[in-house]
Amino acid sequence: MPLGRCYFSFRSAFPTIFPQATFIMRFETCGGQLDASNAGYITSPGYPLEYPPHQSCQWVISAPEPSQRIVLNFNPHFELERLDCRYDFIEIRDGNSESADLLGRHCSNIAPPAIISSGPVIHIKFVSDYAHQGAGFSLRYEIYKTGAEHCFRNFSAPTGVIESPGFPDKYPHNLECSFIIISPPQTEVTLTFQTFDLENDPLLLGEGECKYDWLDVWDGLPQVGPLIGRYCGTKIPPEIQSSTGLLSLSFHTDMAVAKDGFSARYNMTRKEISDTFHCSNAFGMESGKISDDQISASSSFYDSRWQPRQARLNNEDNAWTPAEDSNKEYIQVDLHFLKVLTGIATQGAISKETHKSYYVTTFKLEVSTNGEDWMIYRHGKNHKTFHANTDPSEVVLNRIPQPVLARFVRIRPQLWNNGIALRFELYGCQITDAPCSELQGMLSGLLPDSQISASSVRDLHWAPGAARLVASRSGWFPGPAQPIAGEEWLQVDLGTPKTVRGVITQGARSGEGGTSSENRAFVRKYRLAHSLNGKDWNFVMDSKTSMPKLFEGNTHYDTPELRRFEELAAQFIRIYPERWSPAGIGMRMEVLGCNLPETSTPAVETSKPTQASSVQTSTMQKPSPGWFRSMYFTIHDLSLSTFHKHIKPPEISCIWVVVACICEMETNQSTNNAQMYFHKGNFASPETQGQKARLFSPSVDPDTGPLCLMFSYQLEDQGTLRVLLQNKHQEETLLWSLRGDQEPIWKEGRTIIPRSPNEFQVVIEGFFEGTKGHIWIDNIHMSVNTPLEECTRNLYISPPGGDLPGKSEPTIDTLSVPPVLPNWYYIMAGGGAILFLLIVIVMAISCRHLTARRNQPTMAYYSPHNAHYPNGGMHRAGVTPKLTVWVEKGDGNSYW
């Protein structure tokens, strides 16, 4: 473009009066190339006055690094001509020219939101026509900082320091950062803030009302676990203690004011858990562990001498008093976490000013998990009224008859002397204080949504992933509007087998229209099933009736209920609702448990097996529990060249023994490897048909397991191979069986050895039904630490000593595990239910004949006592009962 020249001439009209007259011309740059290394501003010409007509300005802003991005933040004072942005507008493109992707075209009087480029260059164009000008725009440009390089970190060390990016300098703008503290089981995390300075809105006085910059603390993963608190300003947050395994911090900053930030130290401490613990710890009103910010009230006396913070037990400066003595007043404590409340101690006060005595004589208790949904504590069917003080100084302790789970606690005075004045302390414990009671990850988000499933779902808003205890604001609702008892279920996959000791259940809110009773649902009674592989299920049984236990559920949609049972090993937990509220089935839940106990593997010397000609009797010794972590069986080649009807059990490594073997034992002294080999050829006598060769494990202690049994085998021609359990009464249960020709290749067999209350032995048995065949057994391995889901997978274990002569290379073959036979109590439950149903039908027919003469309506009776199985109930499809008769007896479920 050729350069042009512009000449200006100036002449004064009054040269004699103003001989030194001059003028100044100001030219505003409209467009250009800008560097985003330092933040800057772009405005329309004349801003904030009207911009001139016929403008066409273009800016290109570049960041110094290719990986950087640019953010534009507009001033709220924004005014461009309207009319669909056809005449006056500002246009943003994601590149360095007008042909780049359009990020937005804006006009009118509403400022655009923040705009972020995808790369290091952004193009801005401003256009105005000949008429209808406005104030224009002003924007700030700078390099966009996501915080990824500054503050996305996980902490797992026993102690550490978490700081805002750049601390102690001012933190950057536009940050969205996360810090996650991950602690091992049976560990408590304490977070203590040392410095805290974030931007705050002085007009927002309430706690947690942060508008610009803030720090969120979560009891679990960010946006998943319950929010403990939101903090901003300069007031240091209280000390926070968590035992859920995950404690997270989310840091947000906006585009404007930056402060010095924060610094916090965390420490992990091992919790000492005792079987004889008492759930009666003071929560911290008297000690100050509960901060002033955690205490609030409906109102306070006008002279500021009777504030909620003065309601601490044994506080010497008055107490809390409301603005008006009324039973509508209350004082409230946020415990920050879901805890078990077991007691309340109360005190009155003597006024420092008037020396007059004030105290509360009775009060009611309200509890909540979220500070919004409250339940008045009941004992039986009625609201519980607690009797408190008879003088202003004495401390009166009220124990909660049935401990309750709550995060928020309210005390609402009912009667008082002279006026309401209250000092108090709360007592209880954390859920995790009890043995084997760690929260398994529903509340914290440690268990992903993919591990939560259900029989059916009403809608995506109430999917199984919404069934997280406390953390979810809704819950799981099944699909059917009128579900059948025992047919619907909610399932949790713990990921690996765990020791499970209890569950916590909570109701749910549907969020639909209607009255509160119509959209708030809970389960009143349920049964609980467990599994190690997700296929074979067992109910938790009632020791009194030997039937699946019917657990007491919830009586309110918000208040959780904890139910414990005998420890069991399980990876999958299912809850089958049996009775529910009028609003239907609605559930949230958590599983309590701990890792399966680890055991050590002692060094075991493998003794060399003896020849068949020198077989001696050995005494089987009961192995210690540690042996079942890694037990291996090795026997050398056993060949049926001669047949022995009766052979004494030889000593084989003090682990497994052979009895009643129809084979010979051969030893390879050079390799010290072993295999068990059954063979039957044409030379065999007919009297060998049906004879069995058996391997017996050592005796397994009661309540050991469940175990995973794995072994390698070859089975040809007319052989049969079986795995059985034998108790001390010589009664046997078949677990696994295979017969017929399986090709001359190595395959693997696997099955789960269930846990038994009685001592037993595992038996591996082989026999022939025809005149020829052979069976090889090798690599027998029985373990409690092998994940039980692997018992349904195939993993080849190479037999020691290599392949047998003349046989093929080892291959992997698919082998299904036959289902475990149903337990006797399920058969009895089904038979008993059928018998009961027949009795009820006979009674109904009799009643009908007796009442027919009086022309009274026929009444159909329906029995709910069918035996429900995890894969379906015994209800008949299409039958709707007219009257349901429930016979119940409380079983005294308790927390501890």
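Which residues form a nonpolar patch on the surface, and how much accessible area do they have together? Ile834, Leu837, Leu838 and Ile841 form that patch, with about 340 Å² between them. Keep in mind that this is a predicted model: local features need pLDDT of at least 70, side-chain atom pairs count only at pLDDT 80 or more, and totals for chains, interfaces and linings use all residues. Residues are numbered from 1 along each chain as its sequence is written, and side-chain values use heavy atoms, with hydrogens and water left out.

**The nonpolar patch**

- Patch members have over 30% relative accessible area and no salt bridge; like charges are joined within 9 Å, and nonpolar side chains (Val, Leu, Ile, Met, Phe, Trp, Tyr) within 5 Å.
- Accessible areas come from the Shrake-Rupley method with a 1.4 Å probe, and for residues only the protein chains shown count as cover.
- Ile841 sits in helix H2, residues 824-852; helices (H or I, at least four residues) and strands (E, at least two) are DSSP runs, numbered from the N terminus.
- Ile841 counts as partly exposed because its relative accessibility is 41%; buried means under 20% relative accessible area, exposed over 50%, and partly exposed in between (1.4 Å probe, protein chains only).

- The model has 25 salt bridges, each a side-chain nitrogen of Lys or Arg within 4 Å of a carboxyl oxygen of Asp or Glu.
- One of them pairs Asp216 with Arg230, with the closest N and O atoms 2.7 Å apart.
- Asp216 is in strand E14 (residues 214-218) and Arg230 in strand E15 (residues 227-231), so this pair ties together parts that are 14 residues apart in sequence.
- Asp216 is buried at 3% relative accessibility, while Arg230 is partly exposed at 27%.

**Salt bridges between loops**

- Arg312 bonds to Asp292 in a salt bridge whose closest N and O atoms are 2.7 Å apart.
- Arg312 lies in the loop between strands E20 (295-297) and E21 (331-347), and Asp292 in the loop between E19 (281-282) and E20, so the pair ties together parts that are 20 residues apart in sequence.
- Here Arg312 is buried at 13%, and Asp292 is partly exposed at 38%.
- Arg468 and Asp449 form another salt bridge, with 2.8 Å between the closest N and O atoms.
- That pair links distant parts of the chain, 19 residues apart: Arg468 is in the loop between strands E31 (452-454) and E32 (490-506), Asp449 in the loop between E30 (438-439) and E31.
- Arg468 is buried at 6%, and Asp449 is partly exposed at 46%.
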